[in-house]
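Dear colleague,

My notes on it follow.

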Amino acid sequence: MVKGRNGMILILLGAPGAGKGTQAERLVEEYRLHHLSTGELLRTAAAAGSNLGKLAKSYMDDGQLVPDDIILSIIRSYLDEHQGEGILFDGFPRTVAQADGLSGMLAGRKVVTLALEIPDRMVIDRLSARRVCRSCGKVYNTASGIMPHGGRCNCGDGGELYQRDDDHPETIRKRLEVFHKQTEPIISYYRRRGALRTVNGDGAPDEVFARIKKALG
Ligand code: AP5
């Protein structure tokens, strides 16, 4: 892939905890893409207490997907604001209906889909140990040995580290079930269209990123 914001649409797929957010941070920097994480956008709306946020939170806290029509209308607005620009979709699409909706909106633009694969047994361990900075959104992991001292983020604000409401074992199990049932079918959807690359997500984050760059060519 040519470096620079080149109109590429990159879709990052993978189970909860596969490392989509962690790799997205590196990808947007390396390839100069806009980053849209639907999960992050919905959490921001929930924290702001908007009607959309309250509705989304009720699905998220239960480990379920937010309805397709809500997500597709968010994506439509985002694409209108970023016409022709390179975008990394992180956590979207998540259903065949969303994938179909996106394909209708992109009208022939080149799409590359990257699926990060990790074994199910890793998902609960990674997500139960995840901590997020309330101020800048940086993601840590209590099992990684790179937690900042004093339980505050290294960012300028020294933000408090919190555990996401959906990162508790029971909700994580539900999210994983939903992934297998509703999201996994879109992996074959993109494979059939010749637009899928798969990458082993088991390994240190920099090692996984090197595999991604190789897969993107
Ligand atoms: P979303 O926020 O998208 O959550 P998710 O897909 O479940 O993915 P996560 O954010 O949990 O994991 P990740 O793959 O980004 O992993 P991370 O890099 O943080 O969605 C949340 C909810 O919003 C959904 O359940 C749904 O309700 C709703 N939603 C969102 N999009 C939607 C849509 N399109 N349609 C409908 N509903 C939608 O890593 C996890 C942890 O592991 C971190 O602690 C990290 O430090 C660590 N880690 C990462 N990589 C490695 C590595 N290589 N080795 C060791 N540890 C690692």
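**Ligand contacts**

A nitrogen atom of the ligand sits 2.8 Å from an N or O atom in the side chain of Thr-38. Please keep in mind that this is a predicted model. Asn-141 also uses its side chain: an N or O atom there is 2.8 Å from an oxygen atom of the ligand. With Ala-18 the backbone is involved, a polar atom of it being 3.2 Å from a ligand oxygen. In total, 35 residues surround the ligand, and the closest are Thr-22, Gln-64, Arg-94, Arg-130 and Arg-175.

**Packing of H2 and H4**

Thr-38 also takes part in a helix contact, where Thr-38, Leu-41 and Leu-42 of H2 meet Ile-71, Ile-74 and Ile-75 of H4. The residues of this contact are five nonpolar, one polar and no charged.

Asp-69 belongs to helix H4. Is Asp-69 buried or exposed? Its relative accessibility is 58%, and the cut-off for exposed is over 50%, so Asp-69 counts as exposed. The C-alpha atoms of Asp-69 and Gln-98 are 8.5 Å apart, although 29 residues separate the two in sequence.

His-82 is in the loop between H4 and strand S3 (87-90). Here the relative accessible area is 12%; buried means under 20%, so His-82 is buried. The side chain of His-82 reaches the backbone oxygen of Tyr-78 at 2.9 Å. Apart from neighbours within four places in sequence, His-82 is in contact with His-34 and Ile-87.

**Backbone points to check on screen**

Two loops have backbone geometry to look at.

- The peptide bond from Phe-92 to Pro-93 is cis, and omega is near -5°. Pro-93 lies in the loop that runs between S3 and helix H5 (96-106).
- Arg-32 has phi near 50°, which is a positive value in a residue other than glycine. The loop that holds Arg-32 is between helix H1 (20-31) and strand S2 (34-37).

Regards

Methods: Residues numbered from 1 in each chain as written. Predicted model: local features only at pLDDT ≥ 70, side-chain atom pairs only at ≥ 80, totals over all residues. Heavy atoms only, no water. Contact = heavy atoms within 4.5 Å. Helix = DSSP H or I, 4+ residues; strand = E, 2+ residues; numbered from the N terminus. Nonpolar A, V, L, I, M, F, W, Y, C, P; charged D, E, K, R; others polar. Buried < 20%, exposed > 50% of the residue type's maximum accessible area, 1.4 Å probe, protein only. Near = heavy atom within 4 Å. Polar contact = N/O pair within 3.5 Å; in protein donor to acceptor, adjacent residues only side chain to side chain.
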